[in-house]
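Let's take a friendly walk through this model, with a few stops along the way. Please keep the sequence and the 3D view open as you read.

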Amino acid sequence: MSLLGKIFSRGPKPVIAKSRYVSIEDVKATAFTKKRAGAGLSTKPETYYIVASVELGNTTTKCILTATNLETSRTYLLDKTVKMTRDIRPPKPGENVFGETVWEVELTKESVSEMVRDTILESIKRSKIDIEKDLDFVVRSTGVTAGFASPKEVGDLIIALADGCLDAGIPPSKMAPAMSKESFPERLRDYTLIEKVMFDGAVVSVLPPTGKAVVANEMEGELVTAGIKVGAKWTNIDFRNPCVSMDFGTTLAGRITNGQEPYARTIGNFCGLAGAVSDAIIRGTEKVDKRGGAALDLYSRDILKKADWKAAEEYAARVHDHIDIRKVPENRDRFGTVPVDPKAAYDAGTTLIGCDVGKNGDKIPKLTDIGHEIYSDSGIHTLFATLDYVSANIVKRLGDEAFEEGVVEPGSMLGVTGRAGITGRKPEFILDYSKDKFSGTIFVSDALAMGAAVMARCMNSMGTPHIPIGGKQGGACILGQRRKLQKQKGMID
(Lines give C-alpha, C1' and ligand atoms only; values in the text may rest on other atoms or scores of the structure.)
Protein backbone atom coordinates (compact mmCIF):
# COMPACT_ATOMS: atom_id res chain seq x y z
CA MET A 1 0.00 0.00 0.00
CA SER A 2 1.24 3.53 -0.78
CA LEU A 3 2.17 6.00 1.98
CA LEU A 4 -1.00 8.02 1.34
CA GLY A 5 -3.00 4.81 1.39
CA LYS A 6 -1.57 3.90 4.79
CA ILE A 7 -2.32 7.38 6.14
CA PHE A 8 -5.93 7.51 4.99
CA SER A 9 -6.87 3.83 5.19
CA ARG A 10 -8.75 2.57 8.24
CA GLY A 11 -7.91 -0.99 7.33
CA PRO A 12 -9.96 -3.47 5.32
CA LYS A 13 -13.62 -2.67 4.83
CA PRO A 14 -16.29 -5.33 5.38
CA VAL A 15 -17.51 -6.95 2.17
CA ILE A 16 -21.30 -6.80 2.28
CA ALA A 17 -23.36 -8.48 -0.43
CA LYS A 18 -26.62 -6.58 -0.36
CA SER A 19 -29.75 -7.81 -2.09
CA ARG A 20 -30.42 -6.35 -5.52
CA TYR A 21 -33.91 -6.01 -6.90
CA VAL A 22 -35.32 -6.59 -10.35
CA SER A 23 -38.92 -6.25 -11.51
CA ILE A 24 -40.90 -8.96 -13.25
CA GLU A 25 -41.26 -6.54 -16.16
CA ASP A 26 -37.47 -6.35 -16.48
CA VAL A 27 -37.19 -10.14 -16.25
CA LYS A 28 -39.66 -10.58 -19.09
CA ALA A 29 -38.44 -7.66 -21.18
CA THR A 30 -34.73 -8.56 -21.20
CA ALA A 31 -34.45 -10.53 -24.38
CA PHE A 32 -30.70 -11.12 -24.51
CA THR A 33 -27.75 -11.26 -22.16
CA LYS A 34 -25.52 -8.27 -21.86
CA LYS A 35 -21.94 -8.29 -23.15
CA ARG A 36 -19.85 -10.73 -21.17
CA ALA A 37 -16.17 -10.15 -20.46
CA GLY A 38 -14.05 -11.89 -23.06
CA ALA A 39 -17.04 -13.48 -24.75
CA GLY A 40 -18.41 -10.72 -26.94
CA LEU A 41 -22.13 -10.28 -27.32
CA SER A 42 -24.34 -13.27 -26.66
CA THR A 43 -27.47 -13.89 -28.74
CA LYS A 44 -28.81 -16.42 -26.25
CA PRO A 45 -32.01 -15.23 -24.53
CA GLU A 46 -31.77 -14.65 -20.80
CA THR A 47 -33.72 -17.10 -18.69
CA TYR A 48 -34.70 -16.53 -15.08
CA TYR A 49 -35.66 -19.14 -12.51
CA ILE A 50 -38.21 -17.72 -10.05
CA VAL A 51 -38.43 -19.20 -6.56
CA ALA A 52 -40.51 -18.29 -3.52
CA SER A 53 -38.84 -18.70 -0.14
CA VAL A 54 -41.56 -19.07 2.49
CA GLU A 55 -40.05 -18.66 5.96
CA LEU A 56 -41.81 -18.92 9.31
CA GLY A 57 -39.46 -17.58 11.97
CA ASN A 58 -39.72 -16.84 15.68
CA THR A 59 -39.75 -13.10 15.00
CA THR A 60 -40.69 -12.65 11.34
CA THR A 61 -42.65 -14.52 8.71
CA LYS A 62 -41.53 -13.84 5.15
CA CYS A 63 -42.22 -14.56 1.55
CA ILE A 64 -39.20 -13.59 -0.54
CA LEU A 65 -39.41 -13.98 -4.30
CA THR A 66 -36.09 -14.41 -6.10
CA ALA A 67 -35.19 -14.48 -9.78
CA THR A 68 -31.94 -16.22 -10.75
CA ASN A 69 -30.33 -15.50 -14.10
CA LEU A 70 -29.39 -18.98 -15.29
CA GLU A 71 -26.63 -17.60 -17.53
CA THR A 72 -24.82 -15.54 -14.88
CA SER A 73 -25.97 -17.48 -11.75
CA ARG A 74 -26.78 -14.17 -10.06
CA THR A 75 -29.88 -14.05 -7.88
CA TYR A 76 -32.08 -10.96 -7.55
CA LEU A 77 -35.05 -10.16 -5.35
CA LEU A 78 -38.44 -9.56 -6.93
CA ASP A 79 -40.17 -8.89 -3.63
CA LYS A 80 -39.64 -9.20 0.11
CA THR A 81 -42.80 -9.28 2.20
CA VAL A 82 -42.22 -9.43 5.95
CA LYS A 83 -44.76 -9.83 8.74
CA MET A 84 -44.22 -10.14 12.49
CA THR A 85 -44.83 -13.70 13.69
CA ARG A 86 -46.23 -12.35 16.96
CA ASP A 87 -49.21 -11.14 14.88
CA ILE A 88 -50.34 -14.68 14.14
CA ARG A 89 -53.91 -14.76 15.42
CA PRO A 90 -54.66 -16.47 18.75
CA PRO A 91 -56.02 -20.03 18.68
CA LYS A 92 -59.75 -20.34 18.09
CA PRO A 93 -61.96 -22.65 20.16
CA GLY A 94 -61.47 -26.23 19.04
CA GLU A 95 -58.07 -25.67 17.41
CA ASN A 96 -55.13 -27.73 18.62
CA VAL A 97 -52.05 -25.80 19.76
CA PHE A 98 -49.13 -27.91 18.50
CA GLY A 99 -46.24 -25.66 19.48
CA GLU A 100 -45.06 -22.15 20.17
CA THR A 101 -42.31 -19.75 19.18
CA VAL A 102 -39.32 -18.94 21.38
CA TRP A 103 -41.38 -15.99 22.63
CA GLU A 104 -44.33 -18.24 23.55
CA VAL A 105 -46.62 -17.26 20.69
CA GLU A 106 -49.00 -20.23 20.40
CA LEU A 107 -49.37 -21.90 17.01
CA THR A 108 -52.16 -23.94 15.48
CA LYS A 109 -52.26 -25.55 12.06
CA GLU A 110 -55.01 -23.17 11.00
CA SER A 111 -53.41 -19.96 12.29
CA VAL A 112 -50.02 -20.75 10.72
CA SER A 113 -51.64 -21.65 7.39
CA GLU A 114 -53.54 -18.36 7.35
CA MET A 115 -50.44 -16.29 8.11
CA VAL A 116 -48.43 -18.10 5.43
CA ARG A 117 -51.24 -17.78 2.89
CA ASP A 118 -51.70 -14.06 3.48
CA THR A 119 -47.96 -13.37 3.33
CA ILE A 120 -47.60 -15.24 0.03
CA LEU A 121 -50.61 -13.55 -1.54
CA GLU A 122 -49.33 -10.11 -0.53
CA SER A 123 -45.92 -10.87 -2.03
CA ILE A 124 -47.44 -12.21 -5.24
CA LYS A 125 -49.59 -9.11 -5.58
CA ARG A 126 -46.72 -6.69 -4.90
CA SER A 127 -44.38 -8.40 -7.34
CA LYS A 128 -47.08 -8.71 -10.03
CA ILE A 129 -46.07 -12.25 -10.90
CA ASP A 130 -48.41 -14.95 -12.14
CA ILE A 131 -48.26 -18.10 -10.00
CA GLU A 132 -49.01 -20.40 -12.90
CA LYS A 133 -46.87 -18.76 -15.59
CA ASP A 134 -43.99 -17.15 -13.71
CA LEU A 135 -43.36 -19.01 -10.44
CA ASP A 136 -41.12 -22.07 -10.84
CA PHE A 137 -40.63 -23.45 -7.33
CA VAL A 138 -41.41 -22.91 -3.64
CA VAL A 139 -39.11 -23.76 -0.71
CA ARG A 140 -40.53 -23.78 2.84
CA SER A 141 -38.40 -23.39 5.94
CA THR A 142 -38.82 -22.58 9.62
CA GLY A 143 -36.75 -21.69 12.64
CA VAL A 144 -39.68 -21.98 15.03
CA THR A 145 -38.77 -25.58 15.91
CA ALA A 146 -36.69 -24.23 18.80
CA GLY A 147 -39.87 -23.97 20.85
CA PHE A 148 -41.08 -27.47 20.03
CA ALA A 149 -41.02 -30.59 22.15
CA SER A 150 -41.37 -33.49 19.71
CA PRO A 151 -40.89 -34.52 16.05
CA LYS A 152 -44.68 -34.73 15.72
CA GLU A 153 -44.99 -31.02 16.48
CA VAL A 154 -42.39 -30.28 13.82
CA GLY A 155 -44.33 -32.46 11.38
CA ASP A 156 -47.54 -30.55 12.14
CA LEU A 157 -45.76 -27.28 11.41
CA ILE A 158 -44.42 -28.53 8.07
CA ILE A 159 -47.95 -29.58 7.11
CA ALA A 160 -49.28 -26.15 8.15
CA LEU A 161 -46.68 -24.43 5.95
CA ALA A 162 -47.65 -26.63 3.00
CA ASP A 163 -51.35 -25.95 3.58
CA GLY A 164 -50.67 -22.21 3.58
CA CYS A 165 -48.92 -22.50 0.23
CA LEU A 166 -51.77 -24.56 -1.24
CA ASP A 167 -54.34 -22.10 0.12
CA ALA A 168 -52.44 -19.32 -1.67
CA GLY A 169 -52.97 -21.18 -4.95
CA ILE A 170 -49.53 -22.75 -5.36
CA PRO A 171 -49.77 -26.13 -7.17
CA PRO A 172 -48.17 -29.14 -5.43
CA SER A 173 -45.98 -29.66 -8.51
CA LYS A 174 -44.15 -26.42 -7.67
CA MET A 175 -43.17 -27.76 -4.24
CA ALA A 176 -41.59 -31.04 -5.37
CA PRO A 177 -38.57 -31.70 -7.62
CA ALA A 178 -39.12 -32.62 -11.26
CA MET A 179 -38.80 -36.28 -12.23
CA SER A 180 -37.68 -35.81 -15.84
CA LYS A 181 -36.63 -33.16 -18.32
CA GLU A 182 -40.12 -33.16 -19.79
CA SER A 183 -41.49 -32.05 -16.40
CA PHE A 184 -39.89 -28.62 -16.82
CA PRO A 185 -41.39 -25.71 -18.75
CA GLU A 186 -39.83 -25.58 -22.19
CA ARG A 187 -37.84 -22.40 -21.38
CA LEU A 188 -35.96 -24.25 -18.60
CA ARG A 189 -35.19 -27.56 -20.31
CA ASP A 190 -31.83 -26.48 -21.69
CA TYR A 191 -30.69 -25.51 -18.18
CA THR A 192 -31.37 -28.73 -16.31
CA LEU A 193 -28.76 -31.49 -16.06
CA ILE A 194 -31.32 -33.97 -14.74
CA GLU A 195 -30.42 -36.50 -17.45
CA LYS A 196 -26.72 -36.35 -16.52
CA VAL A 197 -26.72 -36.20 -12.73
CA MET A 198 -29.29 -36.77 -10.00
CA PHE A 199 -30.01 -34.89 -6.80
CA ASP A 200 -28.52 -36.98 -4.00
CA GLY A 201 -29.08 -34.68 -1.01
CA ALA A 202 -26.01 -32.49 -1.41
CA VAL A 203 -26.88 -28.79 -1.63
CA VAL A 204 -24.13 -26.68 -3.23
CA SER A 205 -21.74 -29.63 -2.81
CA VAL A 206 -22.23 -30.02 0.96
CA LEU A 207 -23.61 -33.18 2.55
CA PRO A 208 -25.71 -32.81 5.71
CA PRO A 209 -24.71 -34.71 8.86
CA THR A 210 -25.41 -38.39 8.31
CA GLY A 211 -27.96 -40.41 10.25
CA LYS A 212 -30.43 -38.72 12.58
CA ALA A 213 -31.09 -34.97 12.60
CA VAL A 214 -28.65 -33.44 15.07
CA VAL A 215 -30.21 -30.00 15.50
CA ALA A 216 -33.83 -28.90 15.03
CA ASN A 217 -33.10 -26.05 12.61
CA GLU A 218 -30.68 -28.03 10.44
CA MET A 219 -32.41 -26.91 7.25
CA GLU A 220 -31.81 -23.27 8.11
CA GLY A 221 -28.09 -23.96 8.43
CA GLU A 222 -28.15 -25.69 5.06
CA LEU A 223 -30.00 -22.85 3.35
CA VAL A 224 -27.93 -19.98 4.76
CA THR A 225 -24.67 -21.73 3.85
CA ALA A 226 -25.90 -22.10 0.27
CA GLY A 227 -27.26 -18.54 0.29
CA ILE A 228 -23.96 -17.01 1.38
CA LYS A 229 -22.27 -18.88 -1.49
CA VAL A 230 -24.76 -17.40 -3.93
CA GLY A 231 -24.55 -13.91 -2.41
CA ALA A 232 -20.77 -14.01 -2.78
CA LYS A 233 -21.24 -14.06 -6.57
CA TRP A 234 -21.93 -10.32 -6.28
CA THR A 235 -18.44 -9.83 -4.82
CA ASN A 236 -14.86 -10.85 -5.54
CA ILE A 237 -14.86 -13.37 -2.67
CA ASP A 238 -14.86 -17.05 -3.58
CA PHE A 239 -16.99 -18.34 -0.71
CA ARG A 240 -16.79 -22.04 -1.36
CA ASN A 241 -15.58 -24.97 0.71
CA PRO A 242 -14.06 -25.03 3.26
CA CYS A 243 -16.25 -22.45 4.95
CA VAL A 244 -17.99 -21.37 8.13
CA SER A 245 -21.49 -19.86 8.07
CA MET A 246 -23.39 -18.14 10.88
CA ASP A 247 -27.00 -16.97 10.70
CA PHE A 248 -28.09 -14.46 13.34
CA GLY A 249 -31.85 -14.77 13.16
CA THR A 250 -33.72 -15.12 16.43
CA THR A 251 -32.07 -18.50 16.80
CA LEU A 252 -28.54 -19.32 15.72
CA ALA A 253 -27.94 -21.52 12.68
CA GLY A 254 -24.94 -22.30 10.55
CA ARG A 255 -22.38 -24.85 9.47
CA ILE A 256 -18.70 -25.62 9.33
CA THR A 257 -17.68 -27.53 6.20
CA ASN A 258 -14.42 -29.15 5.18
CA GLY A 259 -12.77 -29.04 1.76
CA GLN A 260 -13.48 -32.54 0.48
CA GLU A 261 -14.57 -33.04 -3.15
CA PRO A 262 -16.90 -33.59 -4.80
CA TYR A 263 -18.90 -33.21 -1.59
CA ALA A 264 -17.79 -31.46 1.57
CA ARG A 265 -18.86 -32.86 4.91
CA THR A 266 -20.68 -30.86 7.56
CA ILE A 267 -18.15 -31.17 10.39
CA GLY A 268 -19.75 -28.53 12.62
CA ASN A 269 -23.15 -27.07 13.39
CA PHE A 270 -24.09 -23.91 15.28
CA CYS A 271 -27.25 -23.79 17.39
CA GLY A 272 -28.93 -21.87 20.18
CA LEU A 273 -29.89 -18.22 20.56
CA ALA A 274 -28.69 -15.28 18.45
CA GLY A 275 -31.02 -12.36 17.66
CA ALA A 276 -33.03 -13.37 20.74
CA VAL A 277 -30.16 -11.96 22.81
CA SER A 278 -30.58 -8.51 21.26
CA ASP A 279 -34.36 -8.75 21.51
CA ALA A 280 -34.16 -9.56 25.22
CA ILE A 281 -31.97 -6.49 25.81
CA ILE A 282 -34.19 -4.16 23.77
CA ARG A 283 -37.25 -5.13 25.82
CA GLY A 284 -35.67 -3.34 28.72
CA THR A 285 -36.64 -0.07 27.02
CA GLU A 286 -40.31 -0.97 27.53
CA LYS A 287 -40.90 0.53 24.08
CA VAL A 288 -41.55 -2.81 22.39
CA ASP A 289 -43.98 -5.66 22.91
CA LYS A 290 -43.02 -7.62 26.04
CA ARG A 291 -43.75 -10.93 24.35
CA GLY A 292 -42.68 -10.54 20.72
CA GLY A 293 -40.81 -7.24 20.67
CA ALA A 294 -37.61 -7.21 18.62
CA ALA A 295 -34.61 -4.94 18.12
CA LEU A 296 -35.73 -4.29 14.55
CA ASP A 297 -38.86 -2.58 15.92
CA LEU A 298 -36.71 0.38 17.05
CA TYR A 299 -33.78 0.20 14.63
CA SER A 300 -33.07 3.12 12.30
CA ARG A 301 -30.09 4.10 10.17
CA ASP A 302 -29.04 6.97 12.44
CA ILE A 303 -29.60 5.11 15.71
CA LEU A 304 -25.85 4.97 16.46
CA LYS A 305 -24.96 8.62 15.84
CA LYS A 306 -24.79 9.70 19.48
CA ALA A 307 -23.62 6.42 20.98
CA ASP A 308 -21.03 6.22 23.75
CA TRP A 309 -18.96 3.36 22.34
CA LYS A 310 -16.71 2.96 25.36
CA ALA A 311 -19.71 2.55 27.65
CA ALA A 312 -21.32 0.21 25.10
CA GLU A 313 -18.29 -2.08 25.14
CA GLU A 314 -18.43 -2.26 28.93
CA TYR A 315 -22.16 -3.00 28.91
CA ALA A 316 -21.60 -5.75 26.31
CA ALA A 317 -19.06 -7.41 28.59
CA ARG A 318 -21.68 -7.54 31.34
CA VAL A 319 -24.18 -9.08 28.94
CA HIS A 320 -21.65 -11.76 28.02
CA ASP A 321 -21.33 -12.74 31.66
CA HIS A 322 -24.71 -14.43 31.15
CA ILE A 323 -23.99 -15.94 27.72
CA ASP A 324 -22.82 -19.55 27.57
CA ILE A 325 -20.94 -20.50 24.38
CA ARG A 326 -19.33 -23.92 24.15
CA LYS A 327 -19.38 -27.37 22.61
CA VAL A 328 -22.79 -28.81 23.44
CA PRO A 329 -22.46 -31.48 26.16
CA GLU A 330 -23.63 -34.98 25.27
CA ASN A 331 -26.19 -35.04 28.07
CA ARG A 332 -28.21 -32.08 26.74
CA ASP A 333 -31.35 -32.49 24.64
CA ARG A 334 -31.70 -28.71 24.24
CA PHE A 335 -29.19 -25.91 24.07
CA GLY A 336 -30.34 -22.33 23.85
CA THR A 337 -33.89 -23.74 23.76
CA VAL A 338 -33.15 -25.54 20.47
CA PRO A 339 -33.69 -29.32 20.44
CA VAL A 340 -30.37 -31.09 19.78
CA ASP A 341 -29.05 -34.64 19.65
CA PRO A 342 -25.36 -34.33 20.57
CA LYS A 343 -24.75 -38.08 20.64
CA ALA A 344 -26.03 -38.49 17.08
CA ALA A 345 -23.93 -35.49 16.05
CA TYR A 346 -20.73 -36.79 17.58
CA ASP A 347 -21.35 -40.31 16.24
CA ALA A 348 -21.59 -38.70 12.78
CA GLY A 349 -18.39 -36.73 13.31
CA THR A 350 -20.17 -33.39 13.61
CA THR A 351 -19.32 -30.97 16.41
CA LEU A 352 -22.20 -28.95 17.87
CA ILE A 353 -21.33 -25.48 19.15
CA GLY A 354 -24.09 -23.61 20.93
CA CYS A 355 -24.98 -20.19 22.29
CA ASP A 356 -27.24 -20.00 25.33
CA VAL A 357 -28.32 -17.40 27.89
CA GLY A 358 -27.95 -19.21 31.19
CA LYS A 359 -29.46 -22.64 30.61
CA ASN A 360 -32.07 -22.75 27.86
CA GLY A 361 -32.65 -19.02 28.14
CA ASP A 362 -33.34 -18.89 31.88
CA LYS A 363 -31.12 -15.79 32.22
CA ILE A 364 -32.95 -13.80 29.55
CA PRO A 365 -34.65 -11.64 32.22
CA LYS A 366 -31.15 -10.61 33.36
CA LEU A 367 -30.47 -9.25 29.89
CA THR A 368 -33.73 -7.32 29.93
CA ASP A 369 -32.71 -5.78 33.25
CA ILE A 370 -29.35 -4.71 31.77
CA GLY A 371 -31.18 -3.29 28.76
CA HIS A 372 -33.37 -1.23 31.07
CA GLU A 373 -30.30 0.10 32.86
CA ILE A 374 -28.54 1.01 29.61
CA TYR A 375 -31.60 2.80 28.25
CA SER A 376 -32.20 4.70 31.49
CA ASP A 377 -28.58 5.73 32.07
CA SER A 378 -27.15 6.06 28.55
CA GLY A 379 -30.03 6.22 26.08
CA ILE A 380 -31.20 4.33 23.00
CA HIS A 381 -28.08 5.14 20.91
CA THR A 382 -25.68 3.51 23.34
CA LEU A 383 -28.12 0.62 23.77
CA PHE A 384 -27.91 -0.20 20.05
CA ALA A 385 -24.14 0.24 20.11
CA THR A 386 -24.10 -2.35 22.90
CA LEU A 387 -25.99 -4.75 20.64
CA ASP A 388 -23.26 -4.38 18.01
CA TYR A 389 -20.58 -5.37 20.49
CA VAL A 390 -22.73 -8.19 21.88
CA SER A 391 -23.25 -9.82 18.47
CA ALA A 392 -19.64 -9.32 17.40
CA ASN A 393 -18.44 -10.97 20.61
CA ILE A 394 -20.80 -13.89 20.04
CA VAL A 395 -19.17 -14.42 16.63
CA LYS A 396 -15.73 -14.20 18.24
CA ARG A 397 -16.55 -16.72 20.95
CA LEU A 398 -18.22 -19.12 18.50
CA GLY A 399 -15.21 -18.89 16.22
CA ASP A 400 -12.71 -19.35 19.03
CA GLU A 401 -14.60 -22.42 20.24
CA ALA A 402 -14.63 -23.89 16.73
CA PHE A 403 -10.88 -23.36 16.35
CA GLU A 404 -10.27 -24.83 19.80
CA GLU A 405 -12.26 -27.92 18.82
CA GLY A 406 -10.16 -28.22 15.66
CA VAL A 407 -13.06 -28.19 13.21
CA VAL A 408 -12.07 -25.15 11.12
CA GLU A 409 -9.83 -26.14 8.23
CA PRO A 410 -6.97 -23.84 7.17
CA GLY A 411 -8.09 -21.44 4.44
CA SER A 412 -11.73 -21.41 5.56
CA MET A 413 -13.98 -18.48 4.70
CA LEU A 414 -16.39 -16.91 7.20
CA GLY A 415 -19.87 -15.85 6.14
CA VAL A 416 -22.37 -14.02 8.37
CA THR A 417 -26.04 -13.26 7.71
CA GLY A 418 -29.19 -12.47 9.67
CA ARG A 419 -30.64 -9.29 11.16
CA ALA A 420 -28.54 -9.47 14.34
CA GLY A 421 -25.28 -10.07 12.49
CA ILE A 422 -25.02 -7.58 9.64
CA THR A 423 -26.59 -4.31 10.84
CA GLY A 424 -24.89 -1.27 12.40
CA ARG A 425 -21.15 -1.63 13.01
CA LYS A 426 -21.30 -5.39 13.59
CA PRO A 427 -19.56 -6.21 10.28
CA GLU A 428 -16.72 -3.83 11.16
CA PHE A 429 -16.20 -5.41 14.60
CA ILE A 430 -16.54 -8.96 13.29
CA LEU A 431 -14.03 -8.30 10.51
CA ASP A 432 -11.55 -6.95 13.05
CA TYR A 433 -11.70 -10.35 14.77
CA SER A 434 -11.87 -12.58 11.69
CA LYS A 435 -9.26 -10.97 9.41
CA ASP A 436 -6.41 -12.90 11.05
CA LYS A 437 -8.42 -16.09 11.56
CA PHE A 438 -10.09 -16.68 8.18
CA SER A 439 -8.91 -16.31 4.60
CA GLY A 440 -11.86 -14.03 3.89
CA THR A 441 -15.09 -12.76 5.45
CA ILE A 442 -18.36 -11.80 3.81
CA PHE A 443 -21.69 -10.46 5.07
CA VAL A 444 -24.81 -11.34 3.09
CA SER A 445 -28.35 -10.03 3.39
CA ASP A 446 -31.29 -12.40 2.82
CA ALA A 447 -29.03 -15.46 2.66
CA LEU A 448 -31.80 -17.84 3.66
CA ALA A 449 -33.93 -16.77 0.69
CA MET A 450 -30.89 -16.92 -1.60
CA GLY A 451 -30.26 -20.41 -0.25
CA ALA A 452 -33.85 -21.41 -1.02
CA ALA A 453 -33.30 -20.29 -4.61
CA VAL A 454 -30.18 -22.42 -5.00
CA MET A 455 -31.70 -25.40 -3.15
CA ALA A 456 -34.54 -25.36 -5.69
CA ARG A 457 -31.93 -25.43 -8.44
CA CYS A 458 -29.99 -28.28 -6.78
CA MET A 459 -33.14 -30.35 -6.36
CA ASN A 460 -33.87 -29.88 -10.06
CA SER A 461 -30.23 -30.31 -11.22
CA MET A 462 -30.05 -26.77 -12.59
CA GLY A 463 -26.40 -25.93 -12.12
CA THR A 464 -24.22 -23.48 -14.01
CA PRO A 465 -20.99 -25.41 -14.74
CA HIS A 466 -19.34 -22.33 -16.26
CA ILE A 467 -19.93 -20.39 -13.01
CA PRO A 468 -19.74 -23.01 -10.25
CA ILE A 469 -21.26 -22.31 -6.84
CA GLY A 470 -20.31 -25.67 -5.35
CA GLY A 471 -16.89 -27.24 -5.04
CA LYS A 472 -13.71 -25.92 -3.53
CA GLN A 473 -12.29 -22.40 -3.45
CA GLY A 474 -10.45 -21.73 -6.69
CA GLY A 475 -11.60 -25.03 -8.15
CA ALA A 476 -13.58 -25.91 -11.25
CA CYS A 477 -17.09 -27.32 -11.52
CA ILE A 478 -17.50 -30.71 -9.84
CA LEU A 479 -20.08 -32.08 -12.29
CA GLY A 480 -17.64 -34.65 -13.68
CA GLN A 481 -16.67 -35.84 -10.21
CA ARG A 482 -20.33 -36.10 -9.20
CA ARG A 483 -21.16 -38.19 -12.28
CA LYS A 484 -18.23 -40.50 -11.62
CA LEU A 485 -19.28 -40.97 -7.99
CA GLN A 486 -22.92 -41.61 -8.86
CA LYS A 487 -21.94 -44.12 -11.55
CA GLN A 488 -19.77 -45.98 -9.02
CA LYS A 489 -22.77 -46.16 -6.68
CA GLY A 490 -25.08 -47.31 -9.49
CA MET A 491 -27.24 -44.21 -9.18
CA ILE A 492 -26.92 -43.30 -12.85
CA ASP A 493 -25.94 -45.18 -16.01
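## Cysteines

A disulfide is a pair of cysteine sulfur atoms within 2.5 Å. The model here is a predicted one, and it holds 0 disulfides. Take Cys355: the closest cysteine sulfur belongs to Cys271 and sits 9.2 Å away, too far for a bond.

## Where two helices cross

Next, have a look at helix α5 (residues 218-231) and helix α12 (residues 447-459), whose axes come within 6 Å and cross at roughly 90°. Therefore α5 is roughly perpendicular to α12.

Which residues make the contact? On the α5 side they include Met219, Glu220, Leu223, Ile228 and Val230; among those of α12 are Ala447, Leu448, Met450, Val454 and Met455. By type, the residues of this contact divide into 12 nonpolar, 2 polar and 2 charged.

## A serine in helix α9

Our last stop is Ser391, found in helix α9 (residues 364-404). Ser391 is buried, with a relative accessible area of 2%.

What does Ser391 touch, leaving aside its neighbours within four places in sequence? Ser391 is in contact with Phe248, Ser278, Ala420 and Lys426. With Ala420 there is a polar detail to zoom in on: a polar atom of the Ser391 side chain lies 2.7 Å from the backbone oxygen of Ala420.

Key. Residues are numbered from 1 along each chain as its sequence is written. This is a predicted model: local features need pLDDT of at least 70, side-chain atom pairs count only at pLDDT 80 or more; totals for chains, interfaces and linings use all residues. Side-chain values use heavy atoms; hydrogens and water are left out. Axes are lines fitted to C-alpha atoms, for helices over the stretch in contact, and angles run from 0 to 180 degrees between N-to-C directions. Helices (H or I, at least four residues) and strands (E, at least two) are DSSP runs, numbered from the N terminus. Angles under 35 degrees count as roughly parallel, over 145 as roughly antiparallel, 65 to 115 as roughly perpendicular and the rest as oblique. Contact means heavy atoms within 4.5 Å. Ala, Val, Leu, Ile, Met, Phe, Trp, Tyr, Cys and Pro count as nonpolar, Asp, Glu, Lys and Arg as charged, and the others, Gly among them, as polar. Buried means under 20% relative accessible area, exposed over 50%, partly exposed in between (1.4 Å probe, protein chains only). A polar contact is a pair of N or O atoms within 3.5 Å; within protein, one must be able to donate a hydrogen and the other to accept it, and residues adjacent in sequence count only if both atoms are side-chain atoms.
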